[in-house]
Amino acid sequence: MKNRYLLFSLVAVAAIIVGYLLSNTTKPVAPAGGDAAGEQDTVETTDGTAQATSGKTKSSAKDPYAGRDPATIIRPAVEVAPEPEDVPEDPPTPEEKAVIDWDNLVDRYEEPLQTPPTPAQRAAFYNAFKKLHEDNQQESIARATNLLPDENISLLYDILFDTSLDETILDAVFSDVLNRPEEIKEPIIDIIAKDKKHPLFTEAAHIKNVTAPDPE
């Protein structure tokens, strides 16, 4: 009986020892954080010593200029996009050039001439007008009548007397002349009132009859 009790006691002690040994096997130790060079994970062994494991090296990006005197640092130049080159404008079309030439011609005669316009000057206006596209003629003649002074209005007479032109163009010039002084408009009314082929003949003849002095 004693032997049996002793055997049970030995088995119990052995079980306690085995359990103790199993509870003290290798345990991983959590990393405590490292510097830029990195740390290795360690484990605690049964004898209390630390043993290195194959932990991964930690890395972090560094400023390549850290620790240097800012005055000695030459950083790469920042590239600046080149400014776009000026794109040349397209040359004016023939229609646009005709308008430009007309406007320049009118601008030259904004100031009163010291002498009446010559036939050559009147012909220059007529020829410049004939080069205008029909879509630009109305606006161009209106600009001329607005800018030309009384002394220079006869520059438009060759245009006014051309019966082949559109009646709206002739009427624009004639209406402007009617708002000029008497010494300018009366001779023009007489000329048109005598030309039965002129589109404004009827209007001119009526004005002449209305404004004619009563016979004594």
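Predicted model: local features only at pLDDT ≥ 70, side-chain atom pairs only at ≥ 80, totals over all residues.
Student: How far apart are the closest N and O atoms in the salt bridge of Asp103 with Arg143?

Tutor: Residues are numbered from 1 along each chain as its sequence is written, and side-chain values use heavy atoms, with hydrogens and water left out. A salt bridge needs a side-chain nitrogen of Lys or Arg within 4 Å of a carboxyl oxygen of Asp or Glu. For Asp103 and Arg143, the closest N and O atoms are separated by 3.6 Å.

Student: How many residues apart in sequence are the parts that Asp103 and Arg143 tie together?

Tutor: Asp103 belongs to helix H2 (residues 94-108), a helix being a DSSP run of H or I with at least four residues, numbered from the N terminus. Arg143 sits in helix H4, so the pair joins parts whose separation in sequence is 40 residues.

Student: Which residue meets Arg143 in a salt bridge of 2.9 Å, N to O?

Tutor: Arg143 belongs to a network of salt bridges that also includes Asp103. The 2.9 Å partner lies in helix H2, 36 residues from Arg143. That residue is Asp107.

Student: Is Arg180 buried or exposed?

Tutor: Arg180 forms a salt bridge with Asp150, with 2.7 Å between the closest N and O atoms. Buried means under 20% relative accessible area, exposed over 50%, and partly exposed in between (1.4 Å probe, protein chains only). Asp150, at 33%, is partly exposed. Arg180 has a relative accessible area of 11%, so this residue is buried.

Conventions
Helix = DSSP H or I, 4+ residues; strand = E, 2+ residues; numbered from the N terminus.
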